[in-house]
Amino acid sequence: MIVDGRSALVVDPGDAAPVSAACAAQGLDLCGILVTHHHHDHVGGIAGLCAGRAIPVWGPAREDIPGRTVALDDGARVQVPGIALAFTVLAVPGHTLGHIAYYAEPADADPLLLCGDTLFSAGCGRLFEGTPQHMHASLQRLAALPEATRVYCAHEYTLSNLQFAARVEPGNAALRRHAAWCAQRMDAQQPTLPSTIGTELRINPFLRVDAQEVRASLSGHCGRAPRDAVDAFALLRRWKDDV
Ligand SMILES: [Zn+2]
């Protein structure tokens, strides 16, 4: 949820009840819904939140989004009434074919990225519809954003992702430091998110398929050297799927 004064914007509401409860508790008016892709855990709350009121629902043009009022393609701009933030739409196919992400550069804060199930901290989404080529290109696109960009993933799978990442890059000191920090956060019942693009560039094996240790681990696990970056990404995704 993004709050500006009394206005609230929610992203990927899988369930209406906690959103309604948060708005009621904080005296907020829901002024819009952003959707990244069509999976039920991202759209299941739209009907309930829109019942009896007209609020705009932005979502990917290439997917069937219940209640969508504005269909978005790559490069579109989104201005949510009541929220002093303008988003740019990035097409990031791979997890689903029409998946989009939202990127904003606030005047007084670091950029922020709402990336749904494309990029997770220390991991990435499964390839339900797209190819390794799609997902690798989408992740490269996100990796090219400014390092300070705050990354708001749709799920917190950080600790289990870090366990896999440590198997792929046991020699990555930044990864070990980040894992220790995340474990402390979880012990204190605090989220490990948002991450940043800079952190992900240093710890996320799916953004590091050209790193020497990642390539060596893939060769060892798969019994052959990856042909190129896309092949390395495909082998890494398959390895994680089987864990
Ligand atoms: Zn999904």
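**Group meeting: a walk through helices, core and strands**

Hi everyone, let me start with a helix contact: P132, Q133, M135 and H136 of α4 meet A229, V230, F233, A234 and R237 of α9. By class, the residues of this contact of α4 with α9 are six nonpolar, two polar and one charged. Before I go on, please keep in mind that this is a predicted model.

How do the two helices pack? Helix α4, residues 132-143, and helix α9, residues 229-242, pack at an angle of about 105°, and their axes are 9 Å apart. Angles of 65 to 115 degrees count as roughly perpendicular, so α4 is roughly perpendicular to α9.

Now to the core. The largest nonpolar core holds 57 residues, and A101, L113, C115, L119 and L142 are those with the most contacts inside it. Which element gives the largest share of this core? That is α9, with five residues. As a general reminder, nonpolar side chains tend to be buried together in soluble globular proteins. Let's take C115 from that list: setting aside neighbours within four places in sequence, C115 is in contact with A101, L142, V151 and C153.

V151 brings us to the strands. Strand β9 (residues 112-114) pairs with strand β12 (residues 150-152) in the parallel sense, over three bridges, and V151 in β12 is the bridge partner of L113. Both strands belong to an open sheet of six strands, ordered β6-β7-β8-β9-β12-β13, with mixed pairing. Its edge strands are β6 (77-79) and β13 (195-196), each pairing on one side only.

There is also pairing around β4. Strand β3 (residues 29-34) and strand β4 (residues 57-60) are parallel, with two bridges, and I33 stands opposite V57. β4 also pairs with strand β5 (residues 70-72), again in the parallel sense, over three bridges; here G59 has A71 as its bridge partner.

Finally, some backbone details for those of you with the viewer open. The loop between α6 (173-187) and β13 contains P194, and the peptide bond from L193 to P194 is cis, with omega near 0°. Q189 is found in that loop between α6 and β13 too; its phi is positive, near 55°, though Q189 is not a glycine. A122, also not a glycine, has a positive phi of about 65° and sits in the loop between β10 (119-120) and β11 (123-124).

Are these two residues buried or exposed? A122 has 28 C-beta neighbours inside 10 Å, so A122 counts as buried. Q189 has 6 other C-beta atoms within 10 Å and is therefore exposed.

Technical notes:
Residues are numbered from 1 along each chain as its sequence is written. This is a predicted model: local features need pLDDT of at least 70, side-chain atom pairs count only at pLDDT 80 or more; totals for chains, interfaces and linings use all residues. Axes are lines fitted to C-alpha atoms, for helices over the stretch in contact, and angles run from 0 to 180 degrees between N-to-C directions. Helices (H or I, at least four residues) and strands (E, at least two) are DSSP runs, numbered from the N terminus. Angles under 35 degrees count as roughly parallel, over 145 as roughly antiparallel, 65 to 115 as roughly perpendicular and the rest as oblique. Two residues are in contact if their C-beta atoms, placed from the backbone, lie within 7 Å. Ala, Val, Leu, Ile, Met, Phe, Trp, Tyr, Cys and Pro count as nonpolar, Asp, Glu, Lys and Arg as charged, and the others, Gly among them, as polar. A nonpolar core is a set of buried Ala, Val, Leu, Ile, Met, Phe, Trp, Tyr and Cys residues joined through C-beta atoms within 7 Å. A residue is buried if 20 or more other C-beta atoms lie within 10 Å of its own, exposed if 12 or fewer, and partly exposed in between; C-beta atoms are placed from the backbone. Two strands pair if DSSP finds at least two bridges between them.
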